[in-house]
Amino acid sequence: MWIAGCKHSQPEEIIPLLPYVKCIHAKFNKMDDDFHELTIPYPEILKILIDNQWEGYLLSEYEGANKDVPGFVSQELRKQHVMMKRILGY
């Protein structure tokens, strides 16, 4: 899902870089209660990583609002990890 009006690189633009990349910052901004990131196309990105047999690391990095609310970031982190496990079939 994309937010209207935002301009992003296309997920496939990462393919030529993958042989040189050992870790990727898996940023996330807005997780919904159904474990979807609303600003970044994670299903497409993870499929590209799998299809290209990338064996690096994903480093979760929260970039959204409410960072100062106690417990909020860890709740969002959990949602992101559930989302990625679902996409990856775990």
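A salt bridge is a side-chain nitrogen of Lys or Arg within 4 Å of a carboxyl oxygen of Asp or Glu. By that criterion, Lys27, Glu61 and Glu63 are linked in a network of salt bridges. The model is predicted. It holds five salt bridges and two aromatic pairs.

**Salt bridge between Lys27 and Glu63**

- Lysine 27 pairs with glutamate 63, and their closest N and O atoms are 3.8 Å apart.
- Lysine 27 belongs to strand 1 (residues 23–28) and glutamate 63 to the loop between strand 2 (57–62) and helix 2 (72–88), so this contact ties together parts that are 36 residues apart in sequence.
- Lysine 27 is partly exposed at 35% relative accessibility, and glutamate 63 is partly exposed at 33%.

**Salt bridges of Lys79**

- Lysine 79 forms a salt bridge with aspartate 33, with an N to O distance of 3.0 Å.
- Because lysine 79 sits in helix 2 while aspartate 33 sits in the loop between strand 1 and helix 1 (42–51), the pair ties together parts that are 46 residues apart in sequence.
- The two partners fall in separate accessibility classes: lysine 79 has 8% relative accessibility, under the 20% limit, and therefore counts as buried, whereas aspartate 33, with a relative accessible area of 64%, is over the 50% limit and therefore counts as exposed.
- Lysine 79 also forms a salt bridge with glutamate 76, where the closest N and O atoms are 3.3 Å apart.
- Glutamate 76 is buried, as is lysine 79.

**Aromatic cluster**

- Phe28, Tyr62 and Phe72 are joined by ring pairs into a cluster.
- The structure has two aromatic pairs; one of them, phenylalanine 28 with tyrosine 62, is tilted, at 5.3 Å centre to centre and 55° between the planes.
- With phenylalanine 28 in strand 1 and tyrosine 62 in strand 2, the pair ties together parts that are 34 residues apart in sequence.
- Phenylalanine 28 is buried, with a relative accessible area of 1%, and tyrosine 62 is buried at 12%.
- Tyrosine 62 also pairs with phenylalanine 72 in an edge-to-face arrangement, at 6.1 Å centre to centre and 65° between the planes.
- That pair links distant parts of the chain, namely tyrosine 62 in strand 2 and phenylalanine 72 in helix 2, ten residues apart.
- Phenylalanine 72, like tyrosine 62, is buried.

Notes: Residues numbered from 1 in each chain as written. Predicted model: local features only at pLDDT ≥ 70, side-chain atom pairs only at ≥ 80, totals over all residues. Heavy atoms only, no water. Helix = DSSP H or I, 4+ residues; strand = E, 2+ residues; numbered from the N terminus. Buried < 20%, exposed > 50% of the residue type's maximum accessible area, 1.4 Å probe, protein only. Phe/Tyr/Trp six-rings, centres within 6.5 Å; stacked < 30°, edge-to-face > 60°.
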